[in-house]
Amino acid sequence: MTESGSKLRIFKILKIIISSLLITVLLLFTIAAIRTLSLDVNAGLQLAHWEKTNNKSLVIDHHQREELLANFKEAIRIPTVSFSNTEINTTALLEFDRFLRKAFPTVFSSSLVHHELVGNYSHLFWVKGSQPELVPYMLLAHIDVVPASESDGWEAPPFSAKEIDGFIYGRGTIDDKNSLMGILQALEYLLLKGYAPRRGFYIGLGHDEEINGLNGAMNIVRVLKQRGVQLLFVMDEGLTISDGIIPGLEGPAALIGLSEKGQAAVKLSVSVAPGHASMPPRETSIGILATAVKRLEDNPMPRLFGYGPEGDTFEHLAHKFSFPLKFIMSNLWLFSPLLSRILERKPVSNAFVRTTTAVTFFNAGVKINVIPSLAEAYVNLRIHSAQSVEEVLDIIKDTVGDQRVKVELVYGFDPLPISGADEKAFGFQIIKKTVLDLFPTVTVAPAICVGNTDSRHFIDLTKNIYRFSPAWFKPGDLERFHGINERISTKNYEEMIVFYFNLIQNCDIRKLPEPHSSVHEL
């Protein structure tokens with residue numbers, strides 16, 4: 001074959017390859033475009049024919065508003081602080097018990113409600129339903145709060161419940177006395193209106209959620225197990241209504257947590273012979289450990305976006321983004337790697353992408369002129385749904401890559417099972433309906449809760465656990481969670497009461513409706 005013939009043949013092959021690539025790209029683009037225009041994961045049961053009920057309405061008058069705000073403020077003023085696993089404010093917990101009985105007299109006196117103390121300070125309510133064949137559900141909240149000090153920079157003392165410009169400031173206003181008081185206030189109003197549920201339900205108020213719920217929630221679970229209780233679903237705190245927090249999203253979004261990330265506490269330690277600072281070795285225990293810590297920070301856990309419920313989150317929100325983000329969100333089958341790289345740039349969204357690694361303690365040294373024999377660091381990991389504690393430990397050991405650094409698991413648990421969010425998931429659909437009835441402009445999406453709640457202890461009682469509170473979070477509010485200037489607007493607290501008031505009644509239907517067959521049908 002001549003040289004010109006060879007060049008011609010190569011040219012033809014290149015032409016075929018380029019043409020094939022162009023056709024492939026065009027085909028992929030066409031598929032992605034069709035999916036972008038047709039994707040409607042939010043249709044769900046919104047237009048379906050729901051079972052007719054005679055739900056009672058709640059219109060809060062001026063006197064009730066003054067009373068419910070006064071009760072909420074009093075709840076915030078009681079410093080029910082969990083300081084550590086061995087130190088809780090039992091005096092405040094006893095005071096809170098007395099306060100609840102005074103604030104909600106109908107709840108505690110109604111023949112429909114059975115109340116008992118569990119683990120000395122936690123509360124368990126059983127509200128009997130008129131149709132015992134309907135499987136009960138459970139609403140959770142917790143009494144305790146994390147420590148707070150005015151010297152940290154609070155605009156108002158953290159246990160003052162001071163009202164400033166329509167906001168009530170104080171520890172517990174969003175974690176989690178807003179839910180606790182909202183649930184009980186809603187039940188109080190329902191009972192006063194003569195409401196008797198068809199579907200029975202439980203309310204569990206743990207007293208030590210901030211220190212893992214080992215005596216509160218776990219004892220409530222033990223009591224329910226002894227009685228053979230199985231639950232239709234559990235709803236606890238977790239995610240909220242985000243407004244202006246997700247970049248590029250048009251309008252607010254109510255995120256309902258289907259799962260929680262796992263958690264592990266890992267200790268790294270280095271032991272060497274002690275020595276005098278005047279004759280230091282080439283590497284000290286602190287230097288060796290610091291290098292190991294730096295390796296962990298420089299080499300984050302692998303990106304796992306799309307292997308957990310976070311993919312569904314963005315698909316549900318896709319229609320609320322403008323181009324080109326709408327195109328990307330609607331086609332995660334194609335753009336997951338690109339989106340995960342975008343999300344990992346900010347700490348808030350990075351938590352959805354991978355197992356996160358945070359060094360929280362570093363202990364070493366006893367004297368300025370003594371080289372320490374022992375250096376220790378503690379690492380807190382929040383584990384992605386696609387990983388396990390064991391897998392994360394192996395990655396840490398490989399990343400550190402130094403036999404002198406001992407890696408030990410202090411405690412840990414795997415990610416929680418993922419609850420259902422389809423058209424047959426009763427709990428999810430009822431929460432979604434209640435949100436949309438109260439806030440019609442909000443987009444509802446399933447998501448993963450990056451923190452941990454008491455609800456994780458209930459996995460033996462139900463496969464359906466949802467983490468959601470109808471609290472509104474705007475830019476800057478995420479930092480208030482466990483931070484300074486925790487607050488809630490008086491308007492939002494009132495909305496929370498109405499939400500639970502409606503949710504309890506919405507749960508009285510026997511079953512979910514069949515999905516609507518046509519969005520054009522009237």
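How do the residues lining the largest cavity divide into nonpolar, polar and charged? They split into five nonpolar, two polar and one charged; here Ala, Val, Leu, Ile, Met, Phe, Trp, Tyr, Cys and Pro count as nonpolar, Asp, Glu, Lys and Arg as charged, and the others, Gly among them, as polar. Keep in mind that this is a predicted model: local features need pLDDT of at least 70, side-chain atom pairs count only at pLDDT 80 or more, and totals for chains, interfaces and linings use all residues. Residues are numbered from 1 along each chain as its sequence is written, and side-chain values use heavy atoms, with hydrogens and water left out.

**The cavity**
- A search of the whole structure turns up one cavity of 30 Å³ or more; on a 1 Å grid over the protein atoms alone, a cavity is a set of points where a 1.4 Å probe fits but cannot get out, and lining residues have an atom within 4 Å of a point.
- Grid points are joined across faces, edges and corners, and a volume is the space filled by probe spheres set on the points.
- Its lining is made by Leu-140, Ala-141, Gly-204, Gly-206, Ala-217, Ile-220, Asp-454 and Phe-458.
- β5 (137-142), β8 (201-206) and α6 (217-226) each give two or more residues to that lining; helices (H or I, at least four residues) and strands (E, at least two) are DSSP runs, numbered from the N terminus.

**Strand β5**
- Six of the six residues of β5 are buried, so the strand is largely enclosed by the rest of the structure; buried means under 20% relative accessible area (1.4 Å probe, protein chains only).
- β5 pairs with β8 in the parallel sense over six bridges, where pairing takes at least two DSSP bridges between two strands.
- Met-138 sits opposite Tyr-202 in β8.

Key
On a 1 Å grid over the protein atoms alone, a cavity is a set of points where a 1.4 Å probe fits but cannot get out, and a pocket is an open set with protein on both sides within 12 Å along at least five of seven lines; lining residues have an atom within 4 Å of a point. Buried means under 20% relative accessible area, exposed over 50%, partly exposed in between (1.4 Å probe, protein chains only).
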